[in-house]
Amino acid sequence: MKRKYMSSWGLAFAEEREMKKLGEMAARGWHLEKFAPLGYTLVEGEPMDVRYSLDYRQRPDEDYFELFAASGWEHVTSTGDEIHVFKGRPDAIPLYTDQTTTHDKYAQVERQMGKAALVFLVISIGLMLLLQLNWSGTAEAIIWIVQTLVVIGLVFTGLPYLGFLVKRKRLERDL
């Protein structure tokens, strides 16, 4: 079975574009199999006319997936037990049919990312303050390594937080 990698532009910034691209790939015979680092793994198969949609739910139960199945959506994959991708026929009822529920979807994930980004920001500031003290070369090097990892965590939570914040604000403006 052939597999192919498709890069991601970031769900917080390009969710609709990525779901559309996954649908286009399925029409060419490349179907979403799972999330991959900074993208997706696609598997070769028969071309299909499907539509992909995304939802965020922490620790979903069976009722959650049954609700989507009853609406014509098949669960494809999840990551982190909180981001779930579904596929359905082109005429399947959208997962979110109004701006209020769409707003709530983004507000929930925005809060989660915001909390994580805040933790990384506080740790980063704390480490920067620690670096102002006089450390031995080894200790300072370790603090810099930890600081680098924390900044990476801040980027991967802070940027999505800002993306979801912008999406939510746009929806509020349109409500």
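Let's start with Ala141, which lies in helix H4 (residues 137–174); helices here are DSSP runs of H or I with at least four residues, strands are runs of E with at least two, and both are numbered from the N terminus. The model is predicted, so local features need pLDDT of at least 70 and side-chain atom pairs count only at pLDDT 80 or more, while totals for chains, interfaces and linings use all residues. Residues are numbered from 1 along each chain as its sequence is written, and side-chain values use heavy atoms, leaving out hydrogens and water.

- With a relative accessible area of 38%, Ala141 counts as partly exposed (buried is under 20%, exposed is over 50%, and partly exposed is in between, using a 1.4 Å probe and protein chains only).
- Now look for Ala69: Ala141 and Ala69 sit 72 residues apart in sequence, and their C-alpha atoms are 52 Å apart in space.

- Find strand S6 (residues 83–88): 6 of its 6 residues are buried, so the strand is largely enclosed by the rest of the structure.
- In a regular strand, side chains alternate between the two faces of the sheet.
- In S6, both faces are covered, with Ile83, Val85 and Lys87 buried on one side and His84, Phe86 and Gly88 buried on the other.
- Strand S4 (residues 51–56) runs antiparallel to S6, and 6 bridges join them (two strands pair if DSSP finds at least two bridges between them).
- Strand S5 (residues 73–79) also pairs with S6 in the antiparallel sense, over 6 bridges.
- S5 and S6 make a hairpin with 3 residues between the strands, where Gly80 takes a positive phi near 60°.

- Strand S2 (residues 30–36) is mostly covered, as 5 of its 7 residues are buried.
- S2 and strand S3 (residues 39–44) run antiparallel and are joined by 6 bridges; Ala36 has Gly39 in S3 as its bridge partner.
- The hairpin of S2 and S3 has 2 residues between its strands, and Leu38 is found in that loop.
- Leu38 isn't a glycine, yet has a positive phi of about 60°; at 59% relative accessibility, Leu38 is exposed.

**The nonpolar patch**
- On the surface, Tyr5, Phe13, Leu38, Ile145, Leu149, Val151, Ile152, Val155, Phe156, Leu159 and Leu162 form a nonpolar patch, together giving about 1,100 Å² of accessible area.
- H4 supplies the largest share of this patch, with 8 residues.
- Patch residues have over 30% relative accessible area and no salt bridge, and nonpolar side chains (Val, Leu, Ile, Met, Phe, Trp, Tyr) are joined within 5 Å, like charges within 9 Å.
- A salt bridge puts a side-chain nitrogen of Lys or Arg within 4 Å of a carboxyl oxygen of Asp or Glu, and areas come from the Shrake-Rupley method with a 1.4 Å probe.

**Between S4 and H2**
- Asp61 lies in the loop between S4 and helix H2 (62–70), and Asp61 is partly exposed at 46% relative accessibility.
- Asp61, Glu62, Asp63 and Glu66 gather in a surface patch of negative charge (Asp and Glu count as negative, with the charge placed at CG of Asp or CD of Glu).
- Arg59 is found in the loop between S4 and H2, and has a positive phi of about 45° although not a glycine.
- With a relative accessible area of 63%, Arg59 is exposed.
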